[in-house]
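Me: I am new to this structure. Please show me how to read its features, one at a time.

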Amino acid sequence: QIEQGRCSDTAKQFDPLVKRRLDAAGLCSAFTTYTELLGSVTKAEAPYSQRRGMLTVVRVPLTLSHGHGEYRVTYHPDGSVAGIYFLKPGAPVG
């Protein structure tokens, strides 16, 4: 959704804390900055997940035109988004 500029679709899934700190425009802006640094996404690998307490962290390795990266989305058990990140490869899961 974010790659197609439909950040509001993703932002609707944010939990209340994320909604207070990040809106759809901010999400699109963060993604634009990310792709300005690492280039456009050329390939997304199969996602995989890790449990962190009650949360599920979904990681999607990426190939970008200027390097590699990762989408990382953290979900509550109800499916709402507790965090969303655009990262360089190798960033640890906190």
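Reply: Start with a network of salt bridges: it links Arg59, Glu70 and Arg72. A salt bridge here is a side-chain nitrogen of Lys or Arg within 4 Å of a carboxyl oxygen of Asp or Glu. A word on the source: this is a predicted model, where local features need pLDDT of at least 70, side-chain atom pairs count only at pLDDT 80 or more, and totals for chains, interfaces and linings use all residues. Residues are numbered from 1 along each chain as its sequence is written, and side-chain values use heavy atoms, with hydrogens and water left out.

Me: How many salt bridges does the structure hold?

Reply: Four. In one of them, glutamate 70 meets arginine 59, with the closest N and O atoms 2.9 Å apart. Glutamate 70 is in strand E4 and arginine 59 in strand E3, so the pair ties together parts that are eleven residues apart in sequence. Strands (E, at least two residues) are DSSP runs, numbered from the N terminus, as are helices (H or I, at least four).

Me: Which residue does aspartate 9 meet in a salt bridge?

Reply: Arginine 6, at 3.0 Å from N to O. Aspartate 9 is partly exposed at 26%. Arginine 6 is partly exposed at 38%.

Me: How do strands E2 and E3 run?

Reply: Two strands pair if DSSP finds at least two bridges between them. E2 (residues 48-52) and E3 run antiparallel, joined by five bridges. Tyrosine 48 stands opposite arginine 59 in E3. The two strands form a hairpin with two residues between them, and glycine 53 in the turn has a positive phi of about 65 degrees.

Me: What volume does the largest pocket have?

Reply: On a 1 Å grid over the protein atoms alone, a pocket is an open set of points with protein on both sides within 12 Å along at least five of seven lines; lining residues have an atom within 4 Å of a point. Grid points are joined across faces, edges and corners, and a volume is the space filled by probe spheres set on the points. Here the volume is about 260 Å³.

Me: Which residues lie nearest its centre?

Reply: Ile2, Thr10, Tyr71, Val73 and Ile84, out of 13 lining residues. Strands E3 (55-64), E4 (67-75) and E5 (81-87) each give two or more residues to this lining.

Key: 1 Å grid on protein atoms, 1.4 Å probe; cavity = no way out; pocket = protein on both sides within 12 Å on 5 of 7 lines; lining within 4 Å. Buried < 20%, exposed > 50% of the residue type's maximum accessible area, 1.4 Å probe, protein only.
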